Amino acid sequence: MSILSTEQLGHSFNDNWLFKDLYFGLNKGDRVALVGINGTGKSTLLRILSGILAPSLGKVVTERDLRIGYLEQDPQFQNQETISDFIYSIGNERQQLIRQYEEAVEQEVHDEKLLNRLMDELSNANAWEYEYEIKTILGRMGIQHLEQKIATLSGGQRKRLALAKLLIDDPDVYILDEPTNHLDIETIEWLESYMTGGQKTILLVTHDRYFLDNVSSRIIELDRGKLQNFNGNYSYYLEKKAEQNAAEDASFSKNTNLLKRELEWMRRQPKARTTKSKSRIDSFYDLEEKTKGRNVKSSLELSVNVSRQGNKILELENISKAFNGKPVINNFSYTFKKGDRIGVAGKNGTGKSTLLNIVTGAIKPDSGKVLVGETTVFGYYRQGGLEFKEDERVIDVVKNIAEYITMADGKNMTASQVLTHFLFPPAKQYGMVNKLSGGEKKRLQLMRVLMKNPNYLILDEPTNDLDIDTLNVLEDFLLNFPGILMLVSHDRYLIDRLTDQLFIFEGDGNVHIYSGNYTDYRLEQEEPKKPAKSSSKAEISNSEPEVQKRKLSFKEEKELQGLETETKELEKQVEILTSELNSGITDHTKLSEIAIKIKDLKDNIDTKTMRWLELTDLKESI
């Protein structure tokens, strides 16, 4: 039975309908993800379901006394001055009791009588476990100073504060709009575990593909104003959607050919028509409507030229940086090589963005050297967002960088052509930048970076506000990017696919260099915690599916491509040596040397073949 549902729901902005006649139901214990490209109305639908926004049409029906908690993309704080004011609700007796106790504990001189009374009241209210849970949630979200003014918080801190409050209140229904934005990877993994514990009812929008897979058990797609249900996680949705698109393509092609024939018939017909002809005419218009109704999605393709890169790229020699006496980077050295693809990981505030700013020269290290190669051209996609003037047009933002760009095929494209390529039609090109959505501004920012034809690309949290379709295209582009890549992201899927080496910021200025992607690192971190494995067949069998779930890293993809060529080359060498062995040589020493070489080559072939089979199995199981 639905605890939250809609009846003929619709909403429009300036006579432009986002959706109409939507029927949607959420049952207790459902964990549903809402997906769709930017601009389809996902956030609007969440606001309506949460009661923040009144629909233009229809209504939302909820179970009596249903408590709905809503996390919006840009949280607003009304009438709350401090973090403590926001966290502890006035109408919640247990929360107010915990607040009084925490404030009493923080006093320099303790009032023992007051503390004893509050401790007794907490025990009577069974609130000690709740107090511990609140502390745990606040700690996970990096919230420590409860008397800090909310006005002094950054955008990321505000989002984490709003999420912490929602988790503390534990509503009957969680409605979450991009909950993983501004969270580090460890916190996202903790949030996954928290969300899947118990019988929580969840409706969420997120671009984090691992989070989608691990949390959601049902996917609902909002496309062209209609909802479509998929009973499975995100991987299941992708599989079924691919099948559906293939069927639609075939049907569309068939309808298009039929429409051409019917159009010729329509043109040949005289004005006076029989009843039978009118029936065919009606069928023609139905077919025309079906064909027009299918929107072919615009495709964003990224393929730019890359500046030539010399042998010397970038060297960091014993660099250190501290802020207010607190070390952020301590005595770190690294020489960048061609083909480096580095993920930068660590908790928020440990210094990831500081390293990027040192690399690009935006800030200077306190000590050490940064040596940049003469041919190195940086492209820096900053976390802070796109900087622009209020009266600036979209096309002006691009022309400030370059009038044209050289694509990978050598052709030059004007700024306007490139904007069209990046899904900015002419009408938007001459519009104001401040009218763009968050996702469109991020796409424009990425375009500005690529206009410089960089050979050293730095991306600081590029996934925020981008829809999954754009993320997939960005991922494909980065997989084939021939220059250096440094990626800071809380999107574990993106880091796994695009990097084969990590700079792990461990805190207190320590930066650990790890060879492998993030999943490799996490598995290695968890290994000591696991009991020693038996070599029994049952345990080996049970462990195989876990290995198969891991994605191939960029390094492994390249290795797989090269193994077949290397194996063929080794087999040729074996053939040549075998022919030499059978050529009639009588020198026993020479014969022995050739036989040893053949054996070594065959052993090498066997090793490479086994590795090729291992990587192929992994790839086929994805």
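## Helix H5

Which residues of H5 are buried? They are Tyr130, Glu131, Ile134, Ile137 and Leu138. Seen down the axis of H5, these buried residues fall within an arc of 130°, so they line one face of the helix. An α-helix has 3.6 residues a turn, so residues three or four places apart point the same way.

This is a predicted model. In it, H5 covers residues 128–140, 13 residues in total. From first C-alpha to last, H5 reaches 18 Å, close to the 18 Å expected at 1.5 Å a residue. Its buried residues pack against four helices: H2 (83–87), H3 (93–106), H6 (155–169) and H7 (185–196). The face turned away from the buried side carries the exposed residues Glu129, Tyr132 and Gly139. After H5 comes Gly142, with a positive phi near 70°.

Most residues other than glycine have a negative phi. Two residues here go the other way.

Glu178 is not a glycine, yet its phi is positive, about 55°. Glu178 sits in the loop between strand S7 (173–177) and H7. Its relative accessible area is 7%, so Glu178 is buried.

Asp508 also has a positive phi, near 60°. Its place is the loop between strand S20 (501–507) and strand S21 (510–515). Is Asp508 buried or exposed? With a relative accessible area of 61%, Asp508 is exposed, because exposed means over 50%.

Ser5 belongs to strand S1, residues 2–13. A relative accessible area of 19% makes Ser5 buried, because the cut-off for buried is under 20%. Beyond its neighbours within four places in sequence, Ser5 is in contact with Phe24, Gly25, Lys59, Val60 and Val61.

Leu26 belongs to strand S3, residues 25–27. Leu26 is buried, at 1% relative accessibility. What does Leu26 contact, leaving aside neighbours within four places in sequence? Its partners include Ser2, Ile3 and Leu4. Also among them are Val32, Val173 and Arg218, along with Thr201, Ile202 and Leu203. Leu26 and Thr62 are 36 residues apart along the chain, and their C-alpha atoms are separated by 9.6 Å.

## Leu466 in its loop

Leu466 is in the loop between strand S18 (456–460) and helix H16 (468–479). Leu466 counts as buried, at 4% relative accessibility.

Which residues does Leu466 touch, not counting those up to four places away in sequence? They are Asn38, His207, Gly439, Lys442, Arg443, Leu471 and Leu474. Lys441 is 25 residues from Leu466 in sequence. In space, the two are 9.4 Å apart, C-alpha to C-alpha.

## A nonpolar surface patch

Met610, Trp612 and Leu613 make a nonpolar surface patch of about 290 Å². Leu613 lies in helix H21, residues 588–621. Leu613 has 37% relative accessibility, so it counts as partly exposed. That class lies between the cut-offs, because buried means under 20% and exposed means over 50%.

Terms used: Residues numbered from 1 in each chain as written. Predicted model: local features only at pLDDT ≥ 70, side-chain atom pairs only at ≥ 80, totals over all residues. Heavy atoms only, no water. Helix = DSSP H or I, 4+ residues; strand = E, 2+ residues; numbered from the N terminus. Expected span 1.5 Å × (residues − 1). Buried < 20%, exposed > 50% of the residue type's maximum accessible area, 1.4 Å probe, protein only. Arc of directions from axis to C-beta. Contact = heavy atoms within 4.5 Å. Patch = residues over 30% accessible without salt bridge, like charges linked within 9 Å, V, L, I, M, F, W, Y side chains within 5 Å. Areas by Shrake-Rupley, 256 points an atom, 1.4 Å probe, with all protein chains shown as cover. Salt bridge = Lys/Arg side-chain N within 4 Å of Asp/Glu carboxyl O.
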